[in-house]
Amino acid sequence: MSRRKVYLETFGCQMNELDSELVAGRLRALGYAFTPTPDDAHVVLYNTCSVREHAEQKVWSRLGELKARKAADPALVVGVLGCMAERDGEALIRRMPVVDVLCGPGELDKLPALLDNAVRTRESLLRDEPAPEGHTPRLISAREVALQGNTSRRSATLAAAADSLELLDLSRSVSPIDDDGSVKRSAYVRITRGCNKFCTYCVVPFTRGAEVHRPPEHIIDECRRLADAGVVEVTLLGQTVNHYRFEHGAAVTVDGVVQPQKGRSYAGGHRRDPFAGERVTTFADLLARIHDEVPGIARLRFVTSYPRDFGDDVLEVIRDHPRICRYLHVPAQSGSDRLLGLMNRGYSVGEYLEFIDRARAHLDQPEIGRPLGLSGDFIVGFPTETDADFDATVALLRRVRYKNAFIFKYSPRPGTIAIDRYPDDVPEAVKRARNTTLLDVQGEISDELGREQVGRTVDVLVEGASARTRKRRASSPGTVALTVGGRPAGADADFAAADAPGDEPVQLSGRTDTDLIVHFDASPTDALAWRGRIVRVRLDRAAGLSLFGTLIS
Ligand code: SF4
């Protein structure tokens, strides 16, 4: 039979994007082909997120759309992967019987077997049980489910589970070709799974389980293989990435015992692991090792950082290793100590600011061309939030001056601690107004920071054609393909999309190491050559956080 076609759609965070990439790589290796629309797929998979209500609604809507298709084609296999699958379990199938396969984020290594079973079961049932005219064959009982079980996280078994899940990361395809055929220059590498923090609004500790740190040798080897394949930028991923700590001598370190944060004293700003030594690799050690052992990685990034886990050792390593980006994404969530307590964030506003000041003291060095970029996350309208609490959040934003902030209205998420503990008592209109106010304040700050950049010269890692170029190309059919030394750029889909009319310059986009987006013009004859390279750009103009400049080398 011809290759089975899979449609895979991903919702949510970078961790989900990486999970989808790994799942796709494994399925490709097993002979599945991928299709860009669900219409001609034999298998439709949604990798879900339950952190934001909006993402979840989209998944329900996609599943609803599949009902008619499934009725017409009972052999179609529909799978729900990720956090929604883990959280809702078989209740999800009861609500949406169109679903055949459920697979939690901690069980993705089992997905190929689940799919294989589901496809074969359906094929044999359809073959053996021809449906009476007008009836669907009996397929309902043939369901495939792999969930970690969100109420019985057994630390004794986590190491084994992590070992088999580890194979999924280890077996990743490091071919530098994206789905669209373009050469891949940036990649995610997971260093930690799960989370032990238990913020009250968050479902992740229940869906992804306890924190498990990957062995440094595996991580470094993965970075090396990616660099050998042409990747120049690696972003290390973890829910609390800077909490990484691997104890050698065990197959996998499991911090399975959950320590309540309440009552724990803040260790201050100079945390060093007192037990670190040859048998322990800390986050600072890991960053330094990747930097030194994989010189092909021109930029090393990491997300997401947890404010109280930042020791000076990490800041010193970033300061002293030039290819580690000076960009920290450090969610604050609120500027009110009272709300931070209700959220169980484990730090006060004063402690958060102490960290910000310390990070600036170590890393903000614009005089040598090495400034620090900061971004944050905020929740508005958390239960009981008063005007005074919200004003404190505005004040925090103004004090820190993030280059950008991700701002969300609180919505109670099933499976979280907050949904049972705190009534959602801030009216929607108030949430909306606070959301708008905070976005406006952040917009002003971003504008100011953007204007301050004008006149500077920055290093930009070129990602590809700007959105403007792609849009123009789409609306201008008579285009001339970009070339490099006479070689057509057609093999590189991203740059093929940048085709420009005649000799007009092509606008390219990239990022500074502080994560600022920079656009500049290049000749269409050598635009392709810039992709994945770090170029010098003089900044001429700012529009919010979009910066425009002139290529100087
Ligand atoms: S640190 Fe808090 S918000 Fe982040 S994943 Fe863990 S529980 Fe969720």
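**View 1. Phe-198 sits in the loop between strand E8 (192-193) and helix H7 (204-207).** Helices (H or I, at least four residues) and strands (E, at least two) are DSSP runs, numbered from the N terminus. Although Phe-198 is not a glycine, its phi is positive, at about 60°. With a relative accessible area of 14%, Phe-198 is buried; buried means under 20% relative accessible area, exposed over 50%, and partly exposed in between (1.4 Å probe, protein chains only).

A word on the model before we go on. This is a predicted model, in which local features need pLDDT of at least 70, side-chain atom pairs count only at pLDDT 80 or more, and totals for chains, interfaces and linings use all residues. Residues are numbered from 1 along each chain as its sequence is written, and side-chain values use heavy atoms, with hydrogens and water left out.

**View 2. Gln-333 is a residue other than glycine with a positive phi, near 75°.** Look for Gln-333 in the loop between strand E15 (327-329) and helix H11 (337-342). Its relative accessibility is 7%, so Gln-333 counts as buried.

**View 3. A cis peptide bond joins Val-303 and Thr-304.** The omega angle here is about -5°. Thr-304 belongs to the loop between strand E14 (299-303) and helix H10 (312-320).

**View 4. Arg-4 and Asp-116 meet through their side chains in a salt bridge (4.0 Å, N to O).** Arg-4 lies in the segment before strand E1 (5-10) and Asp-116 in helix H5 (residues 111-128), so this pair ties together parts that are 112 residues apart in sequence. A salt bridge is a side-chain nitrogen of Lys or Arg within 4 Å of a carboxyl oxygen of Asp or Glu. By this rule the count comes to 42 salt bridges. Arg-4 is buried at 15% relative accessibility, whereas Asp-116, at 24%, is partly exposed.

**View 5. Asp-169 forms a salt bridge with Arg-214, their closest N and O atoms being 3.8 Å apart.** Asp-169 is in helix H6 (residues 155-170) and Arg-214 in the loop between strand E9 (212-213) and helix H8 (216-228), so the pair ties together parts 45 residues apart in sequence. Both are buried: Asp-169 has a relative accessible area of 0%, and Arg-214 has 1%. A network of salt bridges links Asp-19, Asp-169, Arg-190, Arg-193, Arg-208, Arg-214 and Glu-222.

View 6. Asp-387 is exposed at 54% relative accessibility, while Arg-434 is buried at 7%.
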